[in-house]
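Thanks for making time this morning. I would like to walk you through one structure, so please have the sequence and the model open while I talk.

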Amino acid sequence: MSDLTLILLAAGSSSRFELGVKKQWLRIANQPLWQFVAESYEKTAHFEKIIIASSKEDIEFMKLYSDFTFVEGGATRQGSLKNALKEVTSQYVLVSDIARACVSGDFLKRIISHKGKGECIVPYLSVTDTIVYDGKTIDRDRVKRVQTPQLSLTSALKSALLQEEEFTDESSAIVSNGGSREFILGEEDAHKITRIADLKELPCLVPPSDDTLSGTGFDVHAFDDKGDMFLGGVKIESNYGFKAHSDGDVAIHALIDALLGAAGMGDIGMMFPDNDDAYKGADSKKLLKVVVTKLHNFGFVIINVDVTVAAEKPRLGAYKTEMRKTLSSILGIEAQRVNIKATTTEKLGFIGRGEGVGVIANANLKYFDWTKI
Ligand SMILES: C[C@@](CO)(OP(=O)(O)O)[C@H](O)COP(=O)(O)OP(=O)(O)OC[C@H]1O[C@@H](n2ccc(N)nc2=O)[C@H](O)[C@@H]1O
């Protein structure tokens with residue numbers, strides 16, 4: 001049993017990253033950054049547990065990748081840290097930002113070797129630039145650039161965070177609360193990924209895998225003798241619609257399942273339960289937009305999609321071009337990468353009897369390639 005717990009703070013919004021993808025979801029080979037970092041710590045030292053603080057939306061997906069302990073982040077870094085500390089029972093706690101992605105094993109072992117030599121062990125780097133503070137040049141030899149991971153006595157950190165003030169690192173909170181900190185030399189590679197340019201300065205980050213991820217979706221809806229009909233995001237001229245909780249756009253539903261399937265993110269009913277009033281009569285184009293945004297946030301890029309509608313009626317020939325334009329606009333890809341097919345079942349089965357429509361869709365994704373930014 002270890003007397004040390006690791007907390008990784010990964011609840012940031014990546015607001016300074018200015019990309020659709022959240023930095024904690026950038027792929028390092030085949031792994032999202034958060035998993036790459038957590039597993040690099042796990043390989044180097046023995047922890048009582050590894051706790052990752054992240055957003056609620058991310059945690060649902062992160063749990064598909066690993067069985068670390070996940071806690072919901074707070075509105076600030078300190079809020080996330082306090083939430084994570086509730087799960088800590090060990091005497092010591094190591095806290096780091098997920099964005100410090102290249103903390104070396106030697107550096108980590110060196111920090112841990114100082115355990116107990118102060119209520120907080122704090123890596124720092126010196127400053128080489130001239131520092132002007134409040135209009136006056138100050139002695140840069142007295143300035144420290146503080147890094148994480150920082151190793152704290154759990155009781156000292158929990159007590160320090162009872163203070164009202166917000167701190168940007170653990171040692172400042174502990175010292176403000178009358179505690180002690182021990183500085184040790186840090187390392188340049190423990191640099192925090194804040195902007196896109198930072199990615200290329202960190203040697204441990206290998207490019208994302210160039211795998212193509214493929215998914216398939218299938219959905220069926222029965223006709224209803226009333227309501228409007230929507231297929232592929234387009235209103236179809238008819239005097240009948242689909243029996244459904246949402247607008248019944250069975251082509252978009254199958255497409256959503258194909259996209260989620262390629263990303264390993266479950267299925268449409270998990271994301272938009274058909275017993276949730278929020279989706280009653282929902283415009284399926286809006287559901288698709290939510291899925292596309294989530295895919296981008298989680299580091300996926302849509303390559304192409306192919307939709308096959310099996311139906312005796314309505315005839316779709318006149319609508320295919322508009323469907324491709326509508327879907328390509330929502331998916332953010334060229335129309336020629338959105339294929340729409342229609343087929344009958346030669347009067348066989350429920351489709352052949354004109355009772356409803358079945359759709360099979362395929363989607364291909366790749367990982368967002370941050371090396372090409
Ligand atoms: C689009 C929405 C919007 O509310 O409703 P509809 O407009 O189609 O009714 C739903 O997302 C449409 O979800 P969809 O997945 O097609 O509905 P269903 O086939 O009824 O499945 C609902 C949920 O039950 C789960 N499920 C389904 C069948 C099964 N044998 N076991 C299951 O566990 C599925 O994982 C799914 O998450």
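Let me start with Asp219, which, once its neighbours within four places in sequence are set aside, is in contact with Val250, His253, Ala254, Val357, Gly358 and Val359. Please keep in mind throughout that what you see is a predicted model, with a mean pLDDT of 94 for the chain and with 99% of its residues at 70 or more. The model also scores ipTM 0.90 and pTM 0.90.

Asp219 itself sits in strand S13, which covers residues 213-224, and this residue is buried, because its relative accessible area is 19% and the limit for calling a residue buried is under 20%.

Not counting residues up to four places away in sequence, His253 touches Asp219, His221, Ser246, Asp247, Gly248, Ile268 and Ser284.

Now, which residues does UniProt place under the feature "binding site"? The record, which is an unreviewed entry, gives Asp219, His221 and His253. These residues span 35 positions in sequence, yet no two of their C-alpha atoms are more than 10.0 Å apart, so they gather at one spot. The lining of the second largest pocket takes in Asp219, His221 and His253 from this set.

Next, the ligand. There are 14 residues around it, and those that come nearest are His245, Ser246, Asp267, Phe272 and Asp274. If you look at the polar backbone atoms, you will find that one belonging to His245 is 3.0 Å from an oxygen atom of the ligand, while one belonging to Ile268 is 3.5 Å from an oxygen atom of the ligand. For Phe272, a backbone N or O atom lies 2.7 Å from an oxygen atom of the ligand. Ser246 and Ile268 have already come up in this talk, as residues that His253 touches.

Let me move on to Tyr240, which is found in the loop between strand S15 (234-236) and strand S16 (241-242). Is this residue buried or exposed? Tyr240 is buried, with a relative accessible area of 14%. Although Tyr240 and Asp224 are 16 residues apart in sequence, they are 5.8 Å apart in space, C-alpha to C-alpha. Leaving out residues up to four places away in sequence, Tyr240 touches a list of residues including Phe223, Asp224, Asp225, Lys313 and Pro314.

That last pair brings me to the backbone, because most residues other than glycine have a negative phi, and most peptide bonds are trans. Lys313 and Pro314 are joined by a cis peptide bond, with omega about -5°, and Pro314 is found in the loop between strand S17 (300-310) and helix H11 (320-331). A cis peptide bond also joins Thr148 and Pro149, with omega about 5°, and here Pro149 has its place in the loop between strand S10 (145-146) and strand S11 (150-153).

Thr148 is also one of the contacts of Glu170, whose list, neighbours within four places in sequence left aside, includes Arg77, Cys120 and Gln150 as well. Glu170 lies in helix H6, residues 170-176, and at 1% relative accessibility it counts as buried.

As for phi, Ala29 has a positive value of about 60° although it is not a glycine; it is found in the loop between strand S2 (27-28) and strand S3 (31-32), and it is partly exposed, with a relative accessible area of 31%. Asp134, likewise not a glycine, has a positive phi of about 55° and is found in the loop between strand S8 (131-133) and strand S9 (136-138). With a relative accessible area of 71%, Asp134 is exposed.

I will stop there and take your questions.

Methods: Residues numbered from 1 in each chain as written. Predicted model: local features only at pLDDT ≥ 70, side-chain atom pairs only at ≥ 80, totals over all residues. Heavy atoms only, no water. UniProt positions renumbered as here; feature names shortened; annotations may be inferred. 1 Å grid on protein atoms, 1.4 Å probe; cavity = no way out; pocket = protein on both sides within 12 Å on 5 of 7 lines; lining within 4 Å. Helix = DSSP H or I, 4+ residues; strand = E, 2+ residues; numbered from the N terminus. Buried < 20%, exposed > 50% of the residue type's maximum accessible area, 1.4 Å probe, protein only. Contact = heavy atoms within 4.5 Å. pLDDT = per-residue confidence, 0-100. Near = heavy atom within 4 Å. Polar contact = N/O pair within 3.5 Å; in protein donor to acceptor, adjacent residues only side chain to side chain.
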